[in-house]
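Morning, everyone. Please have the sequence and the model open side by side. I'll go through accessibility, then helices, then side-chain pairs.

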Amino acid sequence: MAVALSLLVEGGEKALTTAGLARAAGCSKESLYKWFGDRNGLLEAVVTFQASKVRAIDERATPATAEAFKDALVAFAEDLLTVLLSETSLALNRLSIGAVRRDEAGLGDVLLQQGKKRIEARATHLLAHGKHQRFISFDQANDAYTSLYGLIIGDLHIRALLGDQPGLSDAARQAQATRAVDDFLLLHTHERF
C-alpha cells in the first residue's frame with residue numbers, strides 16, 4: 001500500500017499501473033490481481049488504507065469519563081488533520097476531482113465510500129457513545145458529526161488542495177484539534193471541560 005500511495009503522489013493515477021506497482025513493490029502482476037482483483041480493487045484498497053490512519057474509537061473500548069471522551073475526540077481530530085492534509089490524501093483528492101471533471105467518478109466514489117464515509121461512521125459511533133454516556137447532547141448524529149468536522153477542518157483542506165499548504169506543525173495541529181473539540185463541546189454540552 002505504501003508503494004502504491006507513493007506512485008500516486010509522485011505520478012498521479014496514470015502512474016499506478018499493475019506493471020509499475022509490481023516492479024516498484026517487488027512482486028508479480030499475478031499477485032496483485034490475486035490480492036486486489038482489478039485496478040478498482042487496488043484503488044479501493046489504497047483509499048481504505050489511507051482512511052484507516054484516522055483513529056476514532058475501538059468499538060470494544062469506550063471512554064468511561066468525560067475527560068477520556070474529550071481525549072478521544074482530540075485524537076480523532078489530530079488524526080483527521082494529519083491524514084487530510086497529507087500529500088497522499090491531497091493527491092488522491094486532486095485525482096478524484098480531475099476524474100469527475102472527465103465524468104469518470106470511479107475514484108471519487110471510492111474516496112467517498114472507503115474514505116469519507118468510513119471515517120464518518122467511526123466518528124459517529126464515538127459521538128453516539130458520548131451521547132449515551134451523557135457527555136454531549138444532540139438531535140441528529142450526522143449533524144453533530146458535520147459540526148465537529150467543520151470545526152476541525154474549516155477551510156484548511158480546500159486551501160491545501162489549491163496549493164496554499166497550511167503547513168501545520170505538530171504543535172499547531174494539536175492546538176487546532178483541541179480548539180475544535182473545545183468549541184464542539186461548548187455547542188453540545190452544558191458544562192465546560
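Let's start with a definition: buried means under 20% relative accessible area, exposed means over 50%, and partly exposed is in between, with a 1.4 Å probe and protein chains only. Take R159: its relative accessible area is 29%, so R159 is partly exposed.

A word on where this comes from. This is a predicted model: local features need pLDDT of at least 70, side-chain atom pairs count only at pLDDT 80 or more, and totals for chains, interfaces and linings use all residues. Residues are numbered from 1 along each chain as its sequence is written, and side-chain values use heavy atoms, with hydrogens and water left out.

Now the overall picture. The chain has 10 helices and zero strands. Helices here are DSSP runs of H or I, at least four residues; strands are runs of E, at least two; numbering goes from the N terminus. Of the 193 residues in the chain, 44% are buried. The exposed surface comes to about 10500 Å², and carbon and sulfur atoms supply 52% of it. Those areas come from the Shrake-Rupley method with a 1.4 Å probe; for residues, only the protein chains shown count as cover. Next, contacts, meaning heavy atoms within 4.5 Å. Take those between residues at least 6 apart in sequence: 71% of them join residues at least 24 apart.

On to charges. Side chains of opposite charge can pair when their charged atoms come close. The rule for a salt bridge is a side-chain nitrogen of Lys or Arg within 4 Å of a carboxyl oxygen of Asp or Glu. How many salt bridges does this rule give? The count is five.

One of them joins D182 and K70, at 2.9 Å from N to O. D182 sits in helix α10 (residues 170–188) and K70 in helix α5 (residues 66–84), so to speak distant parts of the chain, 112 residues apart. Are these two buried or exposed? Both D182 and K70 are buried.

Next, E120 and K116. Their closest N and O atoms are 3.9 Å apart. Both lie in helix α7 (residues 106–132), four residues apart, about one turn of the helix. E120 is buried because its relative accessible area is 19%. K116 is at 39%, so K116 is partly exposed.

Back to R159. R159 bridges to D155 at 3.6 Å, N to O. D155 has a relative accessible area of 43%, so D155 is partly exposed too. D164 joins in: D155, R159 and D164 are linked in a network of salt bridges.

Now the rings. Rings of Phe, Tyr and Trp (its six-membered ring) pair if their centres lie within 6.5 Å; planes under 30 degrees apart are stacked, over 60 edge-to-face, and the rest tilted. The whole structure holds three aromatic pairs. One of them is W35 with F36, edge-to-face, 6.3 Å centre to centre and 85° between the planes. W35 is exposed, at 55%. F36 is partly exposed, at 22%.

Another is Y145 with Y149, tilted, 5.9 Å centre to centre and 45° between the planes. Both lie in helix α8 (residues 141–153), four residues apart. Y145 is buried, at 3%. Y149 is partly exposed, at 23%.

Last, charges over rings: NZ of Lys or CZ of Arg within 6 Å of the ring centre and within 35 degrees of the ring normal. K116 lies over the face of Y149, at 5.3 Å from the ring centre. K131 does likewise with F138, at 4.9 Å.
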